[in-house]
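I have kept each point to one part of the fold.

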Amino acid sequence: EQVVESLVVGRPLDNDVEIVLFVALAPGLILDEALTKTIQKQIRDNTTPRHVPRGVFQLSDIPRTISGKKVELAVLNILQGKEVKNKDALANPEVLDEVQKIAAKLT
């Protein structure tokens, strides 16, 4: 119930795929180590260890288009150091700045 919404991407890394999970939390909550471990355990218990994200990161909102679709490709492009095109189609392009800061820590 702490996670309001989420977005997951598979980032190619060293001939494999690293699962990266972004979450928007209920108002007033901050992603800490305990909540991260709870999220990872929940995923492990309901899927497989391969599905457990290596990184879980909090965003103020999940980036989406004006029509409401989540924009996994734009997030993946940022994680891969690529340019995001057509930011004008996004309802909340400022969230991509948050993703950019996270991407800088991952490299």
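**Notes on the predicted model**

1. The buried residues of α2 make contacts (heavy atoms within 4.5 Å) with β1, β2 and α3. Those residues are A74, V75, L76, N77, I78 and L79, so that α2 is mostly covered, with 6 of its 8 residues buried, where buried means under 20% relative accessible area, exposed over 50% and partly exposed in between, computed with a 1.4 Å probe on protein chains only. Just after α2, G81 takes a positive phi of about 75 degrees.

2. On conventions, this is a predicted model, in which local features need pLDDT of at least 70 and side-chain atom pairs count only at pLDDT 80 or more, while totals for chains, interfaces and linings use all residues. Residues are numbered from 1 along each chain as its sequence is written, and side-chain values use heavy atoms, with hydrogens and water left out. Helices (H or I, at least four residues) and strands (E, at least two) are DSSP runs numbered from the N terminus.

3. Within α3, V95, L96, V99, I102 and A103 are buried. They cover an arc of only 115 degrees around the axis, taken from the directions from the helix axis to the C-beta atoms, which puts them on the same side of α3. An α-helix has 3.6 residues a turn, so residues three or four places apart point the same way. The buried residues of α3 pack against β2, β3 (55–58) and α2 (72–79), whereas K101, A104 and K105 are exposed on the other side of α3.

4. Which elements supply the lining of the largest pocket? The pocket holds about 300 Å³ of space, and β1 (3–13), β2 (16–25) and α1 (33–46) each supply at least two lining residues, with α1 giving the most, 5 residues. Of the 16 residues in the lining, V3, L21, I39, Q42 and I43 are the closest to the pocket's centre. A pocket here is an open set of points on a 1 Å grid over the protein atoms alone, where a 1.4 Å probe fits, with protein on both sides within 12 Å along at least five of seven lines, and lining residues have an atom within 4 Å of a point. Grid points are joined across faces, edges and corners, and the volume is the space filled by probe spheres set on the points.

5. N15, in the loop between β1 and β2, has a positive phi of about 60 degrees and is exposed, with a relative accessible area of 87%. N86, in the loop between α2 and α3, has a positive phi near 65 degrees and is exposed at 56%.

6. A89 also lies in the loop between α2 and α3, and is partly exposed, with a relative accessible area of 27%. Leaving out residues up to four places away in sequence, A89 touches T65 and I66; A89 and R64, which are 25 residues apart in sequence, have C-alpha atoms 8.6 Å apart.
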